[in-house]
Amino acid sequence: MMDNRFATALVIACVLSLISTIYMAASIGTDFWYEYHTLSPVENITEAGRSVWEEFVSEEADEKTYTDALFRCNGTVGLWRRCITVPKNSHWYSPPETDMTTNCISFSLSDQFMEKYIEPGNHNSGTDLNRTYLWRLQFLLPFVSLGLMCFGALIGLCACACRSLYPAIATGVLHFLAGLCTLGLVGCYVAGIELLHKKLPLPDDVRGEFGWSFCLACVSAPLQFMAAALFIWAARTNRKEFTLLKAK
């Protein structure tokens, strides 16, 4: 029969695992990893929105083009999409308006693996390997993290079916690896943003900050580590006590 200490530890670990999975999935699916806030009057944003949107959605839009649009139009960036705030009525003959809407465009799969250049927008400046691989890693790592956690949950279900606590060690190890992936994702994203802003500095009237999607990923990593520690502790300690009982 399982000791109440181990049962409690497993329940807490499962709850932490579930919360971290929800946080991670929410952060991947939302567009607020990084946010830009312009300090210019709304009229200036309206004027910019009339021309910027067409450039922003163009298939030929390079990194510099859409980053400039993000600066000027209160943009937000996620792992999958980029968004800007533009006026609802963007015809050239329309008077300036304050009724704004957020429009988004997704990064294609080719965009995720596209090379980043030393001078953004200049294809002749050579490949910036650091930014290229940081961008690719920030796309791949969250899916690896979620995959490891799902696989760990599957092992946990098998352990329940077999009425054995020992496989929970494997679940703990997988959660630990998932936490490392999430931590790597956060580090890659921060490094990528910092390197981008060195190439394309923020204008004086624009303020940038990490958004709540990024914060969810930051919170998810320690939850994964805590769940991993509880799974491994419960399995190992229970195994030791069981071995001692058999020895007696």
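This is a predicted model: local features need pLDDT of at least 70, side-chain atom pairs count only at pLDDT 80 or more; totals for chains, interfaces and linings use all residues.
β1 and β5 first. They pair in the antiparallel sense, over five bridges.

Now the whole sheet. It is open, has five strands, and runs in the order β4-β3-β2-β1-β5, with antiparallel pairing. Which strands stand at the edges? β4, residues 100–106, and β5, residues 206–210. Each has a single partner strand, so one side of each is left without a neighbour in the sheet.

Next, the helices on the sheet. α3 packs on it, touching β1, β2, β3 and β5. The direction of α3 makes about 50° with that of β3. α6 lies across β1, β2 and β5. Its angle to β1 is about 35°.

On to the core. The largest nonpolar core has 36 residues. Trp 33, Tyr 36, Leu 70, Ile 84 and Tyr 189 touch the most other members. Elements giving two or more residues include α1, β1, α3 and β3, and also α5, α6 and α7. α6 gives the largest share, nine residues.

Take Trp 33. Leaving aside neighbours within four places in sequence, its contacts include Val 77, Leu 79, Leu 185, Tyr 189, Phe 210 and Phe 214. There is also a second, separate core of twelve residues, among them Ala 168, Ile 169, Phe 231 and Ala 235.

Last, the annotation. An unreviewed UniProt entry lists residues 139–161, 173–192 and 212–235 under "transmembrane region". In the model, 173–192 is 100% helix, with its end C-alpha atoms 28 Å apart. Residues 212–235 are also 100% helix. There the end C-alpha atoms are 35 Å apart.

Conventions: Residues are numbered from 1 along each chain as its sequence is written. Side-chain values use heavy atoms; hydrogens and water are left out. UniProt positions are given in the numbering used here, feature names are shortened, and annotations may be inferred rather than shown by experiment. Helices (H or I, at least four residues) and strands (E, at least two) are DSSP runs, numbered from the N terminus. A nonpolar core is a set of buried Ala, Val, Leu, Ile, Met, Phe, Trp, Tyr and Cys residues joined through side-chain atoms within 4.5 Å. Buried means under 20% relative accessible area, exposed over 50%, partly exposed in between (1.4 Å probe, protein chains only). Contact means heavy atoms within 4.5 Å. Two strands pair if DSSP finds at least two bridges between them. Axes are lines fitted to C-alpha atoms, for helices over the stretch in contact, and angles run from 0 to 180 degrees between N-to-C directions.
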